[in-house]
Amino acid sequence: MSLPAHVKSGTKQPVFAFVGNPNCGKSTLFNALTGLKQKIGNYPGVTVERKVGTAYSQHGQPMTVIDLPGAYSLAARSPDEAVTRDVLLGRRTEDTQMPDRIVCIVDGSNLERNLYLVHQILDLGRPVILVVNMMDLADKAGLKIRTGQLEQELGIPVIAAEASQGKGLIELKLAMSRPDLPLPHHRWDVPAAISPAVAELQASLQDSDQRPPLIARAEALLLLTDQDQLRVAGSQPLSDRTTTILDGWKKRWVDENTDWSGTLVGARYDAIGTLVAGCVQSSENTVDQSTSDKIDAIVTHGFWGWAVLGGIMTALFLSIFTLAEHPMNWIDAGTVALADAAKAGMPAGDLRDLITDGIIGGVGGVVIFLPQILILFFFIGMLESTGYMARAAFIMDRLMSRVGLNGKSFIPLLSSYACAIPGIMATRTIEDPKDRLVTILVAPFMSCSARLPVYLLMIAALLPTGEVPLMTKVGLMILMYALGTIGAFGFAWLFKRTLLKGEPPLMIMELPPYRRPKVKDVALQMMERCGLFLKRAGTIILAISIVLWALTTYPKSDDAIDPAQQVAQSYAGKAGKLIEPVIEPLGFNWEIGIGLISSFAAREVFVSATSVVINVEEDEEDTAPLLEALRNATWPGGRALFTPLVCFTLMVFYVFAMQCVSTLAVVKRETNSWKWPLFQVGYQTGFAWLLCLIIYQTGTALGF
Amino acid sequence: MADSIALSALPIGTSAKLVKFPLSGSAFLRLREMGLLPGTTLTLLRTAPLGDPLEIKVRGYNLTLRKSEADHVLVEPITAP
């Protein structure tokens, strides 16, 4: 075959695509080849991770490598698979060049199912390199794979590899560096019942959609198994003629009761069966339980399964709250030191205040959660890498199905108890777009750690006498977490029945064998996700910090003698007074209103904002002066402001209201529009207001 | 020869041969693509602690599916030799 022009002339880098089933070791191989030379982002218009890296050939020539999302089939069932399909078929040429060469990675211990995707890809008639990964596991399972034989049968380079040990890397690089790659001998008979349809579709795809002949044939075959017709943004649509032909055939087959897709899948598996029979020797009986099965017997056990799940979750939260403590203190100290240094080095004035109070204080207040977010990313990565994530989904599926979700929503929702940001970013493992969106929409109801300082302050202020009984404290805390959880599941149930009605989610999921975690890959992924968060949320947090600072600082008043008076007549004070009529029915005055507005930077800012407003010198070690001031705060006329009922109502408000700009920024990124984050602000805050109204008015009527 | 039963009715630990399942529905298409075809041998390994979903072993790997799908999958138990 003649090579693409740019490969021959050497003017442009050759583009390779890495393709394979999930859990085949594709990303490990990609990381090993490209190292840190990776560019990570999203495919335009769709939230599927786009990973492109640069590897170097044996001769030091750069080669572009695209790590396509894991897929079981090119007949896409998830946005991930749709992107893989579209890139390979050249349907996304606007953002991603059609790859010149394809590297297929298969799990040797699970060859037949992995080869199904390869079989579809070979239809494309492009140069392919096949990497049979996890040869050690195949060996253990008693499978002897003769790669030489496979190479002969398929006519393409076949490389035996153990990516986690770095075996096969050099051979792969050598194959990728070859100036010419043979095309596969790939002959299989399309079942007679459907071959006329394939021919007609192929002709239409060539004429009306301008596809090259082999791609047209491959695409024609795919269209017949592509029941969902899953289209994602950025994918170029098919011509009307092709669509009409396709619909015509499908209608005819339905009338004739022909199982066209089954026939097609069956024919592929028959061809694979023949291939595997000639190249793989199964020497041992496979009756023996594998280590993975033995672990599963415990991990998914009726009693021990829950114990393991509970243990892992406890370890997760313990490490978030204990391990994160020190780095959080360092960041806090660093922020203070930085602000002090700026104060010392600059003349007093608005600019200095902007930098110290606005920028350093505001950004520092969010960055302080970074250690917790990192630990969560690390845990989620480890759970994915070891294979436990799928087990947690398996165990929790029944419970999640009650509200119309599936087990895969469990870990994202659970992570949101620490911080909604990693939780929302972890929803990418949920294949169904609607399920994923519902999970994102309800995740912020889970009480995150930024709400804790607010809860603690309000619980302490609850009783005028000061000493709140321990059981009341604990009970209230549990109640707040429970309310958020009930809210999340309630709204998930509601959304799945109304706004985002869809088919009941499937739970067709592979339980991959347990693997030793690849700490390097997990760490790399953790840093990537963290970088994405900082890039996305950082600018918005910076902007909001400056705006909030300006709101509390301007207009300047000459006769303000203390900070509280300054705040009172600032824009923030005016805004607080402006919203007072709206929040007064909840028992909140304008001073609380300022606290609510300030919480948009991060919820825990409520504490420091309130300190300023009610004029207490803030002291982090000792909240006694603040508590004292809270108890003395009154409405005009002398009625106490922070009654137990108001404290309780305020806590409930913090459970439900959407007040976190960082979360909104991440939701915007993960849903690709401002529509959903704005919807969250509306429905969550609206619901919080309504619920607080009921609580406060009922409470007042009952004499609390 | 044993009679066909639903996969969801198969006793845990038993192997069976797949007989048939519905022609339409994206769930069943995906099951086919994951290698479950008429004639394929599978083993029901266990159910989740709450009784649903099911975990089966097919073509050397483990797969989960819900009872609601398994109800429509007809299998023929393989009696121990």
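Strands here are DSSP runs of E with at least two residues, helices are runs of H or I with at least four, and both are numbered from the N terminus. The model is predicted, with local features requiring pLDDT of at least 70 and side-chain atom pairs pLDDT 80 or more, while totals for chains, interfaces and linings use all residues. Residues are numbered from 1 along each chain as its sequence is written, and chains are lettered from A in the order in which they are written.

Next, display strand 10 of chain A with strand 5 (residues 61-65) of chain B; they pair in the antiparallel sense over three bridges, where pairing requires at least two DSSP bridges.

Now widen the selection to both chains. Here 35 residues of chain A are in contact with 27 residues of chain B, contact meaning that C-beta atoms, placed from the backbone, lie within 7 Å. On chain A, helix 4 (111-122), helix 11 (260-279), helix 13 (304-322), helix 17 (388-401) and strand 10 (509-511) each supply at least two residues of the side that touches chain B.

Finally, select helix 23 (residues 519-553) and helix 30 (residues 661-671) of chain A. Their axes come within 9 Å and cross at roughly 135 degrees; axes are lines fitted to C-alpha atoms over the stretch in contact, with angles from 0 to 180 degrees between N-to-C directions. Among the residues making the contact are F533(A) and I540(A) of helix 23 of chain A, and A665(A) and R669(A) of helix 30 of chain A.

How values were computed. Two residues are in contact if their C-beta atoms, placed from the backbone, lie within 7 Å.
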